[in-house]
Amino acid sequence: MVAMQEKEIYNIVKEAFEQAGILFSSDEDIMLSEYVVDSIQYITSIVNIENALGIEVPNELLLPEKMQTLKAFSSVLVDLVKNPSSDILNIEWDKGEIGRR
């Protein structure tokens, strides 16, 4: 797969949520917990993301506390797409900003 730009992955992730019926009211950084209320929609979104990016998102990254904002989640996926064997699970999430532990 050709390396994707961060904005492209962000748009794919946003579209995957919207295809599952989770519509966002703005283009600002989106707190996912404010929009994702239905587990079926959530799972459908994740499957859409995995299919679009050709990856498998580790279960540990799917916990609600790990997915603070759409931008933060997209940034983690950028790392996962660029380096699928990386230690992506050692990511520290704090108020939507990510960093390595």
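The model is predicted. Its protein chain contains three helices and two strands, and these elements follow one another along the sequence in the pattern α-α-α-β-β.

**The nonpolar core**

- The largest nonpolar core is made up of 27 residues, and those with the most contacts inside it are F17, I49, L53, F73 and L77.
- Helices α1 (6–19), α2 (39–53) and α3 (70–82) each contribute at least two residues to this core, and it is α3 that gives the most, with seven residues.
- F17, which is listed among the core residues with the most contacts, touches I22, F24, L32, V36, Y42, S45, I49, M67 and L70 when residues up to four places away in sequence are not counted.

**Packing of α1 against α2**

- The axes of α1 and α2 are 8 Å apart and the two helices pack at an angle of about 140°, which makes α1 oblique to α2.
- The crossing of α1 and α2 is right-handed, and the contact is formed by I9, I12, V13, A16, F17 and Q19 on the α1 side together with Y42, S45, N48, I49, A52 and L53 on the α2 side.
- Sorted by class, the residues in the contact of α1 with α2 comprise nine nonpolar, three polar and no charged ones.

**Packing of α1 against α3**

- The axes of α1 and α3 come within 9 Å of each other and cross at roughly 120°, so that α1 is oblique to α3.
- This crossing of α1 and α3 is also described as right-handed, and in it E6, I9, Y10, V13, K14 and F17 of α1 meet L70, K71, F73, S74, S75, L77, V78 and V81 of α3.
- In the contact of α1 with α3, the residues divide into nine nonpolar, two polar and three charged.

**Packing of α2 against α3**

- Helices α2 and α3 pack at an angle of about 35°, and their axes are 12 Å apart.
- The crossing of α2 and α3 is right-handed, with I46, I49 and L53 of α2 making the contact with F73, L77 and V81 of α3.
- The residues of the contact of α2 with α3 comprise six nonpolar, no polar and no charged ones.

**Charged residues that count as buried**

- K14 is found in helix α1, and because its relative accessibility is 12%, K14 counts as buried.
- Leaving out residues up to four places away in sequence, K14 touches F24, S26, D27 and L70, and K14 is also one of the α1 residues that meet α3.
- E50 has its place in helix α2, and E50 likewise counts as buried because its relative accessibility is 19%, where the limit for a buried residue is under 20%.
- When residues up to four places away in sequence are not counted, E50 touches I55, E56 and V57.

- Y42 lies in helix α2 and is buried, with a relative accessible area of 17%.
- Apart from its neighbours within four places in sequence, Y42 is in contact with F17, I22, V36, L62, L63 and M67.
- One of these partners, L62, is 20 residues from Y42 along the chain, and the C-alpha atoms of the pair are separated by 9.5 Å.
- Y42 also belongs to the α2 residues that make the contact with α1, and F17 in turn has Y42 among the residues it touches.
- A72 lies in helix α3 and is buried, with a relative accessible area of 2%.
- A72 and D29 are 43 residues apart in sequence, while the distance between them in space is 8.7 Å, C-alpha to C-alpha.

Methods
Residues numbered from 1 in each chain as written. Predicted model: local features only at pLDDT ≥ 70, side-chain atom pairs only at ≥ 80, totals over all residues. Heavy atoms only, no water. Core = buried A, V, L, I, M, F, W, Y, C linked by side-chain atoms within 4.5 Å. Buried < 20%, exposed > 50% of the residue type's maximum accessible area, 1.4 Å probe, protein only. Helix = DSSP H or I, 4+ residues; strand = E, 2+ residues; numbered from the N terminus. Contact = heavy atoms within 4.5 Å. Axes fitted to C-alpha atoms, helices over the stretch in contact; angles between N-to-C directions. Parallel < 35°, antiparallel > 145°, perpendicular 65-115°, else oblique. Left-handed = near helix turned anticlockwise from the far one by under 90°. Nonpolar A, V, L, I, M, F, W, Y, C, P; charged D, E, K, R; others polar.
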